[in-house]
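Hi there,

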Amino acid sequence: MSTTSGSSRRPLQPGPSGWLAAPALAFFLLFAIIPLIGVLFLSFTSWDGLGEIKLDGLSSWTTVLTDPVTGNALLVTAKIMFFSFIVQAPISLLLGVFTAAGQKYRAALAVLYFVPLLLSSAAVAIAFKALLDPNFGLGAGLGLPFLAQDWLGDSDLVLFVVVFVIAWQFVPFHTLIYQGGVRQIPASLYEAAQIDGAGRVQQFFNITLPQLKYTIITSSTLMVVGSLAYFDLVFVLTGGGPGYATRLLPLHMYLTGFKANDMGAASALGVILVVIGLALALLLQRLGGKNRNASQLEGA
Amino acid sequence: MASLTQLPVPPSAPARPAASPRPRTKGPGRTRPNFLGGLGGWLWLAIIIVPVYYVVVTSLKNQAGFFTSNPMMPPAEPTLENYKLVLENDFAKYFANSLIVTVGSVIPALLVSFMAAYAIVRGKSRFLNWTNNLFLLGLAIPLHATIIPIYWMITRAHMYDTLLALILPSIAFAIPISVLILSNFMRDVPNELFESMRLDGCSDWAMMWRLALPMTRPAVVTVGIYNALGVWNGFLFPLILTQSPETRVLPLSLWTFQGEFSVNIPAVLAAVVLATLPLLVVYVIARRQLLSGLTAGFSK
């Protein structure tokens with residue numbers, strides 16, 4: 001609408017001054033956008049975290065791109081992202097639909113479902129570490145040898161343990177999103193379907209699922225982009241081990257920067273992280289066919 | 001702010017019914033019981049409950065009991081020794097730190113985000129459009145990737161190992177999602193209300209506090225809760241930006257307890273329970289508000 005380009009002074013037409021947005025913008029520029037540019041800059045330097053920052057050309061990038069651990073971290077990240085999406089999306093969708101109906105007992109179940117929302121990742125990781133102990137945990141308690149494995153010490157199993165714990169922590173959040181989405185579907189649609197003689201399964205596939213399109217996009221975007229931030233949980237649960245089995249990209253970045261004191265290489269990893277996050281988010285929006293803002297409005 | 005919110009509210013259109021339950025739809029399958037859904041629901045409940053049960057039961061055991069008794073059985077002689085040990089280890093100080101950081105970031109974040117959302121929804125300048133797009137971009141970027149430049153900035157500003165070092169970036173990171181949710185709600189406030197206030201000679205500043213704020217209060221609550229949970233449970237910033245016990249927050253204290261008491265699992269789990277308890281109390285008291293707020297925030 002505006003023809004008075006970029007004016008931050010109060011325009012003649014009614015409408016608030018842009019200055020109202022200035023404090024939020026200032027915070028965001030200072031602690032998100034400038035660091036975002038900063039991480040790109042630092043990826044061309046070498047810095048041990050304490051001393052001087054020296055321009056160092058492409059050496060950090062060469063280090064990072066030739067290091068097999070980087071490739072492994074990308075693979076681990078992709079695996080965790082894929083499996084946790086495959087596990088979480090259907091469970092939270094079904095639980096959301098299930099709890100959206102109003103029976104008393106479902107409401108009572110839902111009270112407990114959402115308890116993991118309150119726990120910090122550190123708490124969840126510590127609890128599962130104890131629970132999965134082969135000698136003093138769940139397996140020994142139930143007397144089931146299958147459960148009494150060295151879950152966190154076996155490099156083949158550990159990835160799936162991480163996926164499971166992530167699901168335990170985050171499914172409740174996505175269930176809540178779906179529950180809200182389902183509750184906004186007009187009841188008349190189901191009434192019409194019932195008159196037409198559609199069964200529960202037909203109703204689910206022909207009404208619930210299409211109506212939840214934008215909820216699915218929102219939840220999936222949060223799930224996929226969010227899996228680039230599973231840092232806390234994995235850091236406390238496995239520390240990235242055993243070996244490099246659960247060393248996903250953000251963790252690799254942290255360990256490279258703050259443990260191996262190579263901030264240049266860590267910054268290069270940070271840039272990769274940003275590029276992946278952005279690409280995934282754009283891809284998901286494309287799949288949705290609308291930009292995020294519009295989808296949010298239409299989904300309402 | 002309290003007095004501002006008590007100013008007369010223009011009568012009319014009810015705010016988005018986020019705090020009050022929406023009329024529930026007839027979910028699919030009202031006609032006959034949903035056995036499969038019920039089965040899945042109970043199964044998930046077991047998955048949620050077992051770890052919680054294990055943590056509580058184990059935290060009540062003494063060392064000898066932990067090594068000799070069945071891990072899934074309640075202790076023969078429950079003891080509160082572990083809790084005493086944790087409380088004696090500066091738990092109250094960590095709790096206070098968490099509280100300061102959470103309140104100190106959530107209130108300013110709400111304030112600046114609300115003002116920005118108001119300007120974005122009501123204003124029409126290119127600057128505001130650009131600001132909004134920048135915030136939307138922030139949603140798609142894993143901001144964790146920016147920790148290295150943030151670390152540099154905080155150390156250069158001599159704020160390393162202070163609570164302010166945690167507060168400032170937390171405010172910035174809360175802004176994108178807060179502006180998104182608040183502006184989505186604010187778009188539903190009928191334009192006529194603003195017009196009539198404008199005719200009465202109200203300034204934008206007054207309209208923002210007297211009309212927009214009361215009308216979007218459920219969204220403000222949602223955003224406040226969501227950010228508070230995120231900051232309270234945050235791990236990465238404390239890990240990187242603080243160091244001494246004086247600035248330790250609860251999630252980080254769990255991690256350090258785990259290091260200090262690595263042989264005393266019941267004590268570590270008692271710390272987990274203690275760190276979760278405050279949120280659990282809040283959940284029990286304000287569950288309805290909390291869940292309906294979160295649901296409405298994300299299903300929009």
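How many salt bridges does the rule find across the interface of chain A and chain B? It finds 0, where a salt bridge is a side-chain nitrogen of Lys or Arg within 4 Å of a carboxyl oxygen of Asp or Glu.

Before going on, a word on the ground rules. This is a predicted model, where local features need pLDDT of at least 70 and side-chain atom pairs count only at pLDDT 80 or more, while totals for chains, interfaces and linings use all residues. Residues are numbered from 1 along each chain as its sequence is written, chains are lettered from A and ligands numbered from 1 in the order in which they are written, and side-chain values use heavy atoms, with hydrogens and water left out.

Back to the interface. Here 116 residues of chain A are in contact with 107 residues of chain B (contact means heavy atoms within 4.5 Å). About 10,100 Å² is buried between the two chains, and carbon and sulfur atoms give 75% of that; buried area is the accessible area (1.4 Å probe) that two parts lose on being put together, summed over both. A:Phe31, A:Leu118 and A:Arg200 supply 8% of what chain A buries against chain B, more than any other three residues. Helix 1 (residues 22-42) gives the largest share of chain A's side, with 15 residues. Helices (H or I, at least four residues) and strands (E, at least two) are DSSP runs, numbered from the N terminus.

The rule also finds 6 residue pairs in polar contact across this interface, both at pLDDT 80 or more. A polar contact is a pair of N or O atoms within 3.5 Å; within protein, one must be able to donate a hydrogen and the other to accept it, and residues adjacent in sequence count only if both atoms are side-chain atoms.

Now chain A by itself: it has 14 helices and 2 strands, and of its 300 residues 55% count as buried. Buried means under 20% relative accessible area (1.4 Å probe, protein chains only), exposed over 50%, partly exposed in between.

A:Thr99 counts as buried because its relative accessibility is 2%. Its side chain makes a polar contact with the side chain of A:Gln179 at 3.2 Å. Leaving out residues up to four places away in sequence, A:Thr99 touches several others, including A:Arg106, A:Tyr113 and A:Arg183.

Cheers
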